[in-house]
Structures are given as structure tokens and as C-alpha cells.
Amino acid sequence: MSGGGLRGRALVAYLVVCLVWGSTYLAIRVGVGVLPPFLFAGLRFFIAGLVLLAAALALGDTLPKRLGDWRTQAIVGLLLLSAGNAFVVWAEQYTASGIASIFVVTVALWMAFFDAIIPGGSGDLNWRVVTGLLLGFLGTALLVGASPAEILHADLRGPIALTWASASWSLGSVYSKRHRTETSPYVGAAIQMIAGGAAIALVGTLLGEWSRWHVTPRGAGAMAYLVVFGSILGYSAYTYALRHASPTIVGTYAYVNPVIAVVLGWLILREPVSPRTLVAMALILGAVVWIQFSHKIAPAAGRRNGRTEPTGSARQEASEHA
């Protein structure tokens, strides 16, 4: 299955991404408070990549045999991790987590944009999808309580870095979807993390961050959680979901993450949940469901009108042979 909707194992992988990555914002915030940002982000992914690669090879997976597959995985790793996640970590030094979540949520908007304009897409950027994306963005703004004035007057270093990170992450995700490889999802994710992590760590080294590298129990705990859950489990699930569903739909994980963070705060830290929070979460989850079903409505309407709509894989195959 390489079409648009989420079902089966792809749905499970998507839910894992939503749950696990929704819990990592706190760990990133803790880690960047005691460790230099680029070394923290880079070593996290580099270590996770080595561990995941060793496990995958031990369980019978093999390394890519084609040079093109190595190149594709490296490019994806640089776009997603070096230019994507690393700048989220860096930006959290200057931007409140609530404001940051607004910019990270734009991943869903960027993903739909790149999915629509880059040839070989699995879905069009129709009015249904645009409506769902805007609804989810509104829900997130309501959830974190950020006003337009707060966003506009935030330290510009944070918003600029977060906008760059969200666009790069989305472009890397769509690039990965368009450039199929024969590599298993787990070996592919490991190579991406090793390539991206090494590049980020190199940047940290060039910036002289080793002089500020002092591991504390808080830093070690944040690193361990992000390596095991944020990287090995979450990133592998993301790679799998991206292979088996539309990038536009998978990108809606960015809407669900703040909801998970709020629920975990309520369950674990007893943080209050107001009526506004409940309305915001309903808007966000409604937007995700709306976008999911919007990919099924258009083909069904086409069949009722007496024509057959090509699936995403059929459109991609046609474009490859054009």
C-alpha cells in the first residue's frame, strides 16, 4: 500500500508518532537547558542511528546495495534532521514552547504544499484539505493561547529558525516519499539519523560547543529518552508511516502532538484543562479526521460522476513514464 489513507500498520505507526513525539517537547526543553543545542541534537541522532542500524542488521536486514539509495537516505537525513529537528532544538533557547508549537504545527501546511506542487503526489491541495489544515492551525493557536501579537513580537531568532525547520522537514518528507529505495524502513531510518546526526554534531564542533558539554543527570536522562523513544521508536514509525500513506495525512501528526502534550501534562503534572483547551483539542482532532477522509471523498465523487480517479501510485507511475 502506497496510497493516501492511513490503515493497518501505517495507522499504528502514525499513532506511535503522535504519542511519542508529543512527549518529546519536554525532554528537548530539559536537555537544551543543560547541554549545547547542536551537540545535544546531533549526538542524540547519531547514537540512535548506530543502535538502530546494529539491531536491524542483527535481525536480518541488509545495507543498501545501490549508491543511489545511500545518497537518497543521506539527503533525507540532512533535510529532516540537520536542517529540520536541529533548528527546533536551537530555537527553544529563545522561544517559549507554546509559541514554538505554533511554528512546528506549520509542518502540516508545508507538507501539503510540497506534496501538491512536487510531481508524483498522492493527493491534490483541494479546498477540503486546505479547510482542514486551517482548522487545525486555528485549534493549535487556541490550545496554546498565543495571540498574533505574541507571535509577531517573539524573539525573531526563534520564529525564523522554526519556519526554516518546518519547511525543511516537510520538504525532506516529501522528497523521501518521491524517491523510493530498496532499503528497509529501519535501515533507512538508521542511515538518515547517522548522516543527519553527524552533520549536526559537526556544526556543534565548529561552533566550539564541546567546551560547554557537561553531562548532568538531567541532560543524560533527556538524551536517553530522546534516543530510545524520540529517535529509535518515533523516527522509525514516522519513516514507516511515510512510506505507506500520503505526506499530507502523515503531516497532521504535528497537530496531534500539542494535544498529547496537554493530556500528559494533565495526567502526570495535574496541569489544569480549561473549556478552551477542550474546544481547541476538538478542533485539532476534527481537522485530522477531516483531512484523512478528504482523500477518500474526491475519488468517491469521481466514481459517482462516471470517471475513475487514479490512485496516488498510479499517478506517480504515469508521471514516471510520461
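**Group meeting: a helical chain**

Let's start with helix 4, residues 67–91. Helix 4 has 25 residues and reaches 34 Å from its first C-alpha to its last. That is close to the 36 Å expected at 1.5 Å a residue, where the expected span is 1.5 Å times one less than the number of residues. Helix 4 also has a kink of about 30 degrees, centred on leucine 78. The bend at a residue is the angle between axes fitted to the seven residues ending there and the seven starting there.

A word on the source. This is a predicted model: local features need pLDDT of at least 70, side-chain atom pairs count only at pLDDT 80 or more, and totals for chains, interfaces and linings use all residues. Residues are numbered from 1 along each chain as its sequence is written, and side-chain values use heavy atoms, with hydrogens and water left out.

Now the whole chain. How many helices and strands are there in the chain? There are 14 helices and zero strands. Helices (H or I, at least four residues) and strands (E, at least two) are DSSP runs, numbered from the N terminus. Of the 322 residues, 51% count as buried, meaning under 20% relative accessible area with a 1.4 Å probe, protein chains only. Take contacts (heavy atoms within 4.5 Å) between residues at least 6 apart in sequence: 92% join residues at least 24 apart.

Last, helix 12, residues 253–268. Valine 263 sits in helix 12. Is valine 263 partly exposed or buried? Valine 263 counts as partly exposed, because its relative accessibility is 31%; partly exposed runs between the buried limit of 20% and the exposed limit of 50%.
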